[in-house]
Amino acid sequence: LGQTPHNVVVAQVLYRLGLAEQLRGRNGGRVGAFSFDRASAMAEQLEAAGNEPLDFACTIMVLGKTGVGKSATINSIFDEIKFGTDAFQTGTNKVQDVVGTVHGIKVRVIDTPGLLPSWSDQCQNEKILHSVKRFIKKTPPDIVLYLDRLDMQTRDFGDMPLLRTITDIFGPSIWFNAIVVLTHAASAPPDGPNGTASSYDMFVTQRSHVLQQAIRQAAGDMRLMNPVSLVENHSACRTNRAGQRVLPNGQVWKPHLLLLSLASKILAEANTLLKLQDTPPGKPFATRARTPPLPYLLSSLLQSRPQVKLPEEQYGDEDGLDDDLDESSDSEDEPEYDELPPFKRLSKAQIAKLSKAQKKAYFDELEYREKLFMKKQLKEEKKQRKMMKKMASAAKDLPSEYGENAVEESSGASSVPVPMPDLALPASFDSDNPTHRYRSLDSSNPWLVRPVLDTHGWDHDVGYEGINVERLFVAQEKFPISFSGQITKDKRDANVQMELASSLKYGEGKATSVGFDMQTVGKDLAYTLRSETRFSNLKKNKAMAGISVTLLGDALSAGVKFEDKLIANKQFQVVMAGGAMTGRGDLAYGGSLEAQLRDKDYPLGRSLSTLGLSIMDWHGDLAIGCNIQSQVPVGRSTNLIARANLNNKGAGQVSLRINSSEQLQLALTSLFPLLKKLFDYFHQVQYGQ
């Protein structure tokens with residue numbers, strides 16, 4: 001092929017062959033360090049002695065969509081017309097092969113019919129690919145060339161249905177010895193986003209990245225990095241003095257494509273001789289075991305989940321300390337809201353006439369009364385929760401006949417559906433208020449069905465993103481069973497999440513929960529069976545231990561976690577968790593700490609500070625993250641929110657946010673980036689840019 005040992009591909013192949021010889025020498029042979037000069041001299045001596053040539057041949061299979069130039073590329077490889085081509089109709093209608101000699105090497109190329117990318121054509125693609133699979137059963141190919149056009153720029157993964165069909169028929173391992181070939185490589189690159197011409201190398205890099213990423217997703221292995229080769233079959237392509245076609249970047253494409261193909265063939269044979277890869281008989285492509293995403297599974301395991309409770313236990317704080325903490329925080333000499341003298345609110349015009357001292361006294365009195373009013377509402381809610389809890393316990397002790405009659409009497413009134421409160425939608429460019437798209441009814445039906453709103457998605461032009469379904473069952477009057485499911489769908493993917501959980505209380509402060517989860521992870525479904533046991537060793541300290549088993553594809557992973565929650569008072573609490581996840585001989589472990597400092601008048605106060613730390617180790621790669629968030633009141637109607645996160649990789653983010661219900665002049669800060677953009681524009685126009 002006219003390549004020197006200093007070529008990047010040649011150097012890598014020779015290095016791998018040197019390692020193979022050394023490994024083989026350790027198994028009984030006497031092979032020293034690899035030397036290219038010694039190997040080259042030995043080859044020249046064998047050729048001069050007139051020995052038979054090496055029995056080296058390469059079988060290449062060509063796959064790709066219709067019209068990308070598969071048959072034309074095969075004709076260019078052999079420098080003669082092996083298959084007919086037509087610009088207006090399909091050139092290949094059945095699987096066929098051709099054998100020839102290229103640069104003194106016997107090459108067999110398998111040409112296949114063109115495939116179609118859309119979902120509706122996958123049945124036809126399956127028939128074609130099954131016929132290809134039968135054709136290559138006796139003589140599997142060494143290399144697979146997947147052809148596509150360079151000038152067909154796309155970013156929406158429109159070829160994903162076709163790539164998945166190829167993966168399903170041949171297995172993910174078909175991509176392990178595949179080379180991506182981009183035809184029409186002499187095409188001019190398109191204009192950039194601002195109208196300027198983009199470089200040829202950048203155009204090739206972007207197109208190659210999109211196709212390589214699609215293949216990685218289809219194969220389910222993000223470590224894949226298929227080599228890319230450029231091809232131009234047009235007769236008007238520029239040639240060098242030797243008559244070889246040259247691309248716009250100066251590369252002679254044919255030797256480069258053959259070099260990649262033969263290099264992959266040589267390395268595959270070396271691995272076979274060393275028994276580094278055993279292919280089962282009758283399977284042209286061996287499957288590779290995929291490593292489960294242990295860090296993701298561990299993060300999911302370490303998340304705190306609320307305990308499933310019976311209906312009569314729903315009224316109350318999760319920590320069970322709500323009543324004690326609230327009672328201890330009430331001052332004995334603090335008057336009730338109803339005992340205060342009458343108070344008249346002033347208008348803005350009346351407030352403007354007050355002096356500075358009078359304004360301060362007025363607003364202090366107003367804030368004090370609002371605080372007492374909110375405390376009154378909290379006390380009433382707490383009394384109502386206690387009453388509902390007592391009524392639920394009393395109804396449970398009543399005879400079954402009386403309970404059934406009570407249900408029948410109350411069923412008529414409760415069967416009238418009532419609209420649920422509208423969702424709080426984020427800022428939108430819609431011309432009207434789109435809340436009607438997300439409305440739902442609350443009825444006597446135990447199934448609660450609600451829409452799913454993605455607040456961080458695009459504008460509300462497509463309605464809601466999915467549906468959420470929930471229901472609480474009670475088995476034998478002591479086993480609560482919670483079911484929740486959510487399905488979201490967009491133009492590309494569909495996500496499914498389902499959770500089934502139950503719990504059992506035994507003794508004071510002790511409970512065991514069992515759950516089954518099903519969720520979409522990438523393109524597969526992950527099934528998780530988990531169990532947790534909670535116990536209170538102290539009144540203000542809760543401990544928990546849990547295990548989980550996850551099945552993702554054909555990979556089984558298991559994990560364990562421990563969690564401890566310390567509630568010092570209603571202002572300060574700390575949650576610490578740690579665990580480990582293992583699967584297929586791999587191990588990932590980590591932990592987290594979260595501290596929360598609330599206002600002394602919680603839940604009335606506006607101050608809140610949170611500190612979060614996380615650490616995870618996988619394959620010796622230590623990841624440490626820190627997240628700090630604090631909300632501080634600035635005045636009566638303004639809040640300052642500061643957030644910062646940093647990791648040990650040197651990446652982080654700091655953000656400051658101010659919101660106010662009265663200081664509307666803060667909105668003028670949005671003029672700064674607009675003015676800066678205008679200034680930069682005029683500056684560029686002035687200097688002719």
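## Cysteines

Is Cys237 buried or exposed? Cys237 counts as buried, because its relative accessibility is 10% and the cut-off for buried is under 20%. Cys123 tells another story: with 55% relative accessibility, Cys123 counts as exposed. Bear in mind as you read that this is a predicted model.

If you are wondering about disulfides, the count comes to zero. A disulfide is a covalent bond between the sulfur atoms of two cysteines.

## The overall picture

The protein holds 13 helices and 22 strands. Of its 689 residues, 31% are buried. Take the contacts between residues at least 6 apart in sequence: 53% of them join residues at least 24 apart.

## Nonpolar cores

The largest nonpolar core contains 66 residues. Leu145, Ile166 and Trp175 are the residues with the most contacts inside that core. Leaving aside residues up to four places away in sequence, Ile166 touches Leu63, Leu115, Leu129, Tyr146, Gly171, Ile174 and Trp175.

Another core, made of nine residues, lies apart from the largest one. Leu297, Leu298, Leu301 and Ala588 are among the nine.

## A buried lysine

Lys561 is found in strand β16, which covers residues 555–567. Lys561 counts as buried, because its relative accessibility is 0%.

What does the side chain of Lys561 reach? At 3.0 Å lies the backbone oxygen of Leu301, and Leu301 is also one of the residues in the nine-residue core. Not counting residues up to four places away in sequence, Lys561 touches Leu301, Leu302 and Gln303, together with Glu532, Met544, Ala545, Gly546, Gly578 and Gly579.

## Aromatic pairs

A pair of aromatic rings is described by the distance of the centres and the angle of the planes. The structure holds six aromatic pairs. One of them, formed by Phe343 and Tyr362, is stacked, with 5.8 Å from centre to centre and 25° between the planes. This pair links distant parts of the chain: Phe343 sits in the loop between α9 (322–329) and α10 (348–352), while Tyr362 belongs to helix α11 (residues 356–397), 19 residues apart. Phe343 counts as partly exposed at 31% relative accessibility, whereas Tyr362 counts as buried at 10%.

Trp447 and Phe483 make an edge-to-face pair, because their planes stand at 80° with the ring centres 5.9 Å apart. Trp447 lies in the loop between β8 (441–442) and β9 (448–452) and Phe483 lies in strand β11 (residues 479–489), so this pair ties together parts that are 36 residues apart in sequence. Trp447 counts as partly exposed, with 37% relative accessibility. Phe483 also counts as partly exposed, at 22%.

Ring pairs also build a cluster, which links Phe343, Tyr362 and Phe363.

## Helix α13

Helix α13 runs over residues 671–686. How far apart are its end C-alpha atoms? They are 22 Å apart, which agrees with the 22 Å that its 16 residues should span at 1.5 Å a residue. Helix α13 is hardly covered, and the count of buried residues among its 16 residues is zero.

Methods
Residues are numbered from 1 along each chain as its sequence is written. This is a predicted model: local features need pLDDT of at least 70, side-chain atom pairs count only at pLDDT 80 or more; totals for chains, interfaces and linings use all residues. Side-chain values use heavy atoms; hydrogens and water are left out. A nonpolar core is a set of buried Ala, Val, Leu, Ile, Met, Phe, Trp, Tyr and Cys residues joined through side-chain atoms within 4.5 Å. Buried means under 20% relative accessible area, exposed over 50%, partly exposed in between (1.4 Å probe, protein chains only). Contact means heavy atoms within 4.5 Å. A disulfide is a pair of cysteine sulfur atoms within 2.5 Å. Helices (H or I, at least four residues) and strands (E, at least two) are DSSP runs, numbered from the N terminus. The expected span of a helix is 1.5 Å times one less than its number of residues. Rings of Phe, Tyr and Trp (its six-membered ring) pair if their centres lie within 6.5 Å; planes under 30 degrees apart count as stacked, over 60 as edge-to-face and the rest as tilted. A polar contact is a pair of N or O atoms within 3.5 Å; within protein, one must be able to donate a hydrogen and the other to accept it, and residues adjacent in sequence count only if both atoms are side-chain atoms.
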